[in-house]
Amino acid sequence: MKATIQITLKSGVLDPQGKAIENALGQLGFDGIGEVRQGKLIEIDLQAGNAETARAQLADMCEKLLANTVIENYDIQLDSAE
Amino acid sequence: MQAAVIVFPGSNCDRDVAVCLEAALGHAPLMAWHGDASLPDCDLIVLPGGFSYGDYLRCGSMAANSPIMRDVVAQAQNGARVLGICNGFQVLTECGLLPGVLMQNKGLNFVCRNTHLIIERNDTPFTHHYAQGEEIIIPVAHNEGNYFADDDTLKKLQDENCIAMTYAPDDNPNGACLDIAGICSPDGHVLGMMPHPERRAEAALGGDDGKRMFTAIVETLS
Amino acid sequence: MTLHNRHINETEITDAIVAEHGLTPAEYAEIVAHMGRTPNMTELGVFSVMWSEHCSYKSSRKWLKELPVDGPQVIQGPGENAGVIDIGDGDAAIFKMESHNHPSFIEPYQGAATGVGGIMRDVFTMGARPVANLNALRFGEPSHPKTRHLVSGVVAGIGGYGNCIGVPTVGGEVNFDASYNGNILVNAMCVGLARTDKIFYAAATGVGAPVVYVGSKTGRDGIHGATMASAEFDDASEEKRPTVQVGDPFTEKLLLEACLELMASDAIIGIQDMGAAGLTSSSVEMADKGNVGIHLNLDKVPCRETHMTGYEMLLSESQERMLMVLKPGREAEAEKIFQRWGLDFAVIGELTDTNRMQVSHEGREIADMPLKPLADGAPEYDRPHVKTPPAPALSDINHKVPVDAALKQLMNSSEIASRRWIWEQYDSMVMGDTIAGPGGDAALVRVHGSHKALAISTDVTPRYCLADPVTGGMQAVAETWRNITATGAKPLAITNCLNFGNPERPEIMGQFVGCLEGMGAACEALDFPVVSGNVSLYNETNGAGIMPTPAIGGVGVMADLGKAVGNGFIETGHSIYLIGETMGHLGCSLYQRAILGDRSQVAPPPVDLHAERANGDFLRAAIDGGLVAAAHDLSDGGLAVALAEMCLKNAIGCQIDNLDDRPEILFGEDQARYLVAIAPDSMAAFEAQAEASAIPIAALGKTGGADLTIGETIHISIKELGELHESWLPDLMQ
């Protein structure tokens, strides 16, 4: 199975990188750009029995390592097709 | 007094802090490998600066999950003193021994320079050789030193006198909340700081304001 | 790219394929003669990288042989991974400088990062723990659209790699000039320390000994990077992005620690890092130096990509890999160390007695080549060269700008302004031994656990080299020697990075030959031999080449670091003396270009090597005798700029009342000069020593106050000078 995890900053947490990107887009001439936030995407190939065990495992991974839940949220997408 | 310096893959200030500890202690500290399941009983445990695991994922995140950290946390809960410097401070926040998180510097660049620090709390085992409010010079060298915590946590830090040192006005190198350079646990036994006292512990290197941090902890524990 | 159904060796070798590999028809004919048959594709690939300019030095070898390389302080001169010098007490310094110009133009962060990674491996492969990094950078003019992006990327890359691996970046230099618009220069230098009785070389001996691969897995990075470095850019170069290697400093840190740990034992016979041309060049060089043969089984090579052909595995420039030959039986012991550090370890071959390189993959022999021709057989070209015509002296000078305005303008100019924006992004203090970091004349790094320090500096003045290559080459070595001398240290040896344009153009080759002639003369006169170096040619875009830039990296030693001096005034009331003669030479100066607005090609200041030696030895002795409070050598911008720099260091001004304040005296770039600050009770001894040694000195004035004052004509506050000096680079980059 292939899992895709999106890790994003909790709203309210200052994101200097997002701000820099926002400014750069403005300087490139893109109008109407509002707030920009930058996050992380992690792809994991895993062998798990079924989608439910996989999700539980992935959530555990996120809680323990992949996300810092003090400042980050995570979202798990699972593709069982592979 | 038994002191240990934890060495993670990618730690690179372990030798530097060991040199300062040896100068204060009179004997070399134990260099403890991250992969060891256990750590001998220690009075002082130091998490050194560097780029453990290359700073990959998040600074200190993988180091905080090293086998030896279980024992480090247990010993801390049993009264051992713990000092986390720079990457070590990041590890302390990742493993929960200290609150908050170190984020990327506001200027988005690595910064290496001397900073002026104010000692905000001088009754910890690490800071009692400084005067309350004393201004000292200690260098920083980091890309992720921007201390952040939510408002409730910040208030708690203030109420419990856990802000150990701040950057002097106009000398904050990274945008940290409340100019926080270092924080401690309420009982002062665990201290995390971004500046590197081990880089300012002898005159030949420009000054020795950092030396008193090591003499202080050795005096407390001897 | 990869052929699953047809082996790459079944490809017919056509003229076009030979040309794509960067080989001339004549070179190809020689290869066929050496092989005794037509090479297959894999063998052609191997020859093409070993015979590339970058690996074989075919255009430069003839001239490099003329450089002075000997001295009692030299343990190992050019020819190994890095140079080795004796610094006393059983200690050795191991160092080299290398270029990573072409990759840095294409992908500045990774190009610069992997340049740093590569040079560090060259040092620790010899058993030395790296203790200092420096870099010499040349960018296009500040207003060029790419400059900010390149500066930002290169600086971030150098910092990103060096800081992570934990070696301090302690010095360097940066120039901006239009001639580098299409070809920036990124030269990285590394210095390491070892014990003289524990130095590791590449030569691999012992038929049957195991050949071992350690470090990162192999991917498709940088295939044909060596040939890219040997080719000019044209407008299609941007599409070359996939060939740039990506560095992993974390893995290099692990590799460094694992190698040093294994080196503490005697299990290693020979060791070499895999740099340009990866597995190929390290295998060929190790076996050839040991006068043996080598057999490789590519099935054993750890790969991170699937379906890699033997051709790709041999030519890959994946980073952070080393090749070792171990004593038979020691494999398990070595593997345990590398496993502990989380690194791949694989026995991929053995030494043979064939003097050939034989490679098998997936059950077939895919390459079988004689080693000598690979290692040494590249033609040695004696390319036609035309001497640079002598440049006329600067004439028709119209000093329209008052000298105080000129000084302010120079302090706020691209070549003089503070580089703090750059070096505060480098960790200059890790390892706890940096006595003097960026901003000094030379960096001072303590030899851990001792009272000794290494003094390290990089320097060259490319505009002098363009106007008069011989003088420019001499001046580059002399100024590096002065930088080290000004701290009180004794200069010992140099490395160099020779950056030039297309050697197939006689005028460029003439620049190369001229610069080397000048360098050689200076090395000889100053007892400052060359122990290592690197050549980077073809730094041209669309036919326009860079200024000749022979970057010198010098190393010296301070026997007692307690006696070292800095380059800023340290107290009020000290006397300021100028050491050396001033004729007022404005030709080729920054004043000529920036203030007179005159960029005509004129003669640079002459270099008197006898005076350089005499003045420098005198200063060093005076520092050793405790007579000197501060010392600074004069260079770009001349005397007034050097005074300003000494004031700014610790914000202590000066009052100069014994100086001819004409522009040629204030801003002339006469060589062999230093400014020193002498405390009142050392003045008599200092003057007596100068007289006894027949060294020209002049007392100019005193330190103190909040201003830089020269006679009636210059009166500028230190505060204003500081703002001008510090603002230029941040203003450019923000």
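This is a predicted model: local features need pLDDT of at least 70, side-chain atom pairs count only at pLDDT 80 or more; totals for chains, interfaces and linings use all residues.

Biologist: What share of the residues in chain C is buried?

Modeller: A residue counts as buried if 20 or more other C-beta atoms lie within 10 Å of its own. On that criterion, 61% of the 734 residues in chain C are buried. Of the contacts in chain C with a separation of 6 or more, 85% are between residues 24 or more positions apart.

Biologist: How many helices and strands does chain C have?

Modeller: Chain C has 25 helices and 28 strands. One of the strands is strand 8, residues 268-273, and six of its six residues are buried.

Biologist: How does strand 8 of chain C run relative to strand 10 of chain C, parallel or antiparallel?

Modeller: Strands of a sheet pair through backbone hydrogen bonds, in either a parallel or an antiparallel manner. Here strand 8 and strand 10 (residues 321-326) of chain C run antiparallel and are joined by five bridges. Within this pair, C:G270 stands opposite C:V325 of strand 10.

Biologist: In what order do the three strands of the open sheet in chain A stand?

Modeller: The order is 2-1-3, with antiparallel pairing. Strand 2 (40-45) and strand 3 (72-79) of chain A each have a single partner strand, so one side of each is left without a neighbour in the sheet. From one strand to the next, the twist averages 20°. Eight bridges link strand 1 (residues 2-9) of chain A with strand 3 of chain A, and A:L9 stands opposite A:E72 in strand 3.

Biologist: Which strands of chain A does helix 2 of chain A touch?

Modeller: Helix 2 of chain A packs on the sheet and touches strand 1, strand 2 and strand 3; its direction makes about 155° with that of strand 3 of chain A.

Biologist: How many residues does the contact take from chain A and from chain B?

Modeller: Chain A gives ten residues and chain B nine residues. Helix 1 (16-27) and helix 2 (51-66) of chain A each supply at least two residues of the side touching chain B. The largest share of that side, three residues, comes from helix 1 of chain A. The residues on this side of chain A comprise seven nonpolar, two polar and one charged.

Terms used. Residues are numbered from 1 along each chain as its sequence is written. Chains are lettered from A and ligands numbered from 1 in the order in which they are written. A residue is buried if 20 or more other C-beta atoms lie within 10 Å of its own, exposed if 12 or fewer, and partly exposed in between; C-beta atoms are placed from the backbone. Helices (H or I, at least four residues) and strands (E, at least two) are DSSP runs, numbered from the N terminus. Two strands pair if DSSP finds at least two bridges between them. Two residues are in contact if their C-beta atoms, placed from the backbone, lie within 7 Å. Ala, Val, Leu, Ile, Met, Phe, Trp, Tyr, Cys and Pro count as nonpolar, Asp, Glu, Lys and Arg as charged, and the others, Gly among them, as polar. Axes are lines fitted to C-alpha atoms, for helices over the stretch in contact, and angles run from 0 to 180 degrees between N-to-C directions.
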